[in-house]
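Hi,

Here is the structure I said I'd pass on. Have a look, and my notes follow below.

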Amino acid sequence: MKSILIIDDEIEIQELLTIYLTNHGYTTIAVGNGVEALAIMQERSIDLIIADIMMPQMDGLELLKRTRQSSQIPFLFISAKSDDMDKIFGLQFGADDYVGKPFNPLEVVSRVQALFRRIDAFAKRAKQEQECIEIGDILLDLRSCKLYKSGIEKETTSYEFRILELLMRQAGRVFTKAHIYEQVWGEEYIGDENLIMVYISKIREKIEDNPRKPVHLITIRGLGYRFEKGR
């Protein structure tokens, strides 16, 4: 369950948001000002903050500034429609969204759901980027150690896969045969150029439409090999 901290000095708004958010499956905690909110955040994990701007002791803008010093927790402001400059400042200071008062509680729920979807999608993309390398129609799945060309799996040896991973992780960089050998085999290069050339040829047969005219794995004469960056 996602936990949401509601911060507003109006008890009625606290209760209204608590009812609607709880009915949509969220855990809520409600407090009346920023000082109480900071204390709560030190005691327990919070997934999203809904805060009014105008509050006693510590207003929403000050709370946002202090929160952003150590956290990127999603922050949704609720504020009177007349406080346009406060809303602008809030977004400039790092708020993720705002809703004007008076508001429909279902709109707040929708904004909360949209923020969580955005965060989940970003986290998913970040995880995929860590687990896969994709350039053009070539995808290297680091979890399963599989190579895909235009969605079709291509069998690779462990050394072919390691060479591809090395080159694709730093696409655009030129690697000498010596560097490839030392990085992939973990041994000092002894000048066996034919070994690297054979592996490069085998890789091209799997990733190039025409291995004789490669567009992904390019030979840089006199230097080595480069995997082209995606376009």
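In which crossing, left-handed or right-handed, does H6 pass H7? The crossing is right-handed, meaning that the near helix is turned clockwise from the far one by less than a right angle.

Before going on: this is a predicted model, where local features need pLDDT of at least 70 and side-chain atom pairs count only at pLDDT 80 or more, while totals for chains, interfaces and linings use all residues. Residues are numbered from 1 along each chain as its sequence is written, and side-chain values use heavy atoms, without hydrogens or water.

Back to the pair. Helices (H or I, at least four residues) and strands (E, at least two) are DSSP runs, numbered from the N terminus. The axes of H6 (residues 158–169) and H7 (residues 177–185) come within 10 Å and cross at roughly 120 degrees. That makes H6 oblique to H7 (under 35 degrees is roughly parallel, over 145 roughly antiparallel, 65 to 115 roughly perpendicular, the rest oblique). On the H6 side, the contact (heavy atoms within 4.5 Å) involves Tyr 159, Arg 162, Ile 163, Leu 166 and Leu 167; H7 brings Ile 180, Gln 183, Val 184 and Trp 185.

Ile 163 and Ile 180 turn up again in the largest nonpolar core, of 27 residues, where they and Phe 227 touch the most other members. A core here is a set of buried (under 20% relative accessible area, 1.4 Å probe, protein chains only) Ala, Val, Leu, Ile, Met, Phe, Trp, Tyr and Cys residues joined through side-chain atoms within 4.5 Å. H6 gives this core its largest share, 6 residues.

Cheers

Conventions
Axes are lines fitted to C-alpha atoms, for helices over the stretch in contact, and angles run from 0 to 180 degrees between N-to-C directions. Buried means under 20% relative accessible area, exposed over 50%, partly exposed in between (1.4 Å probe, protein chains only).
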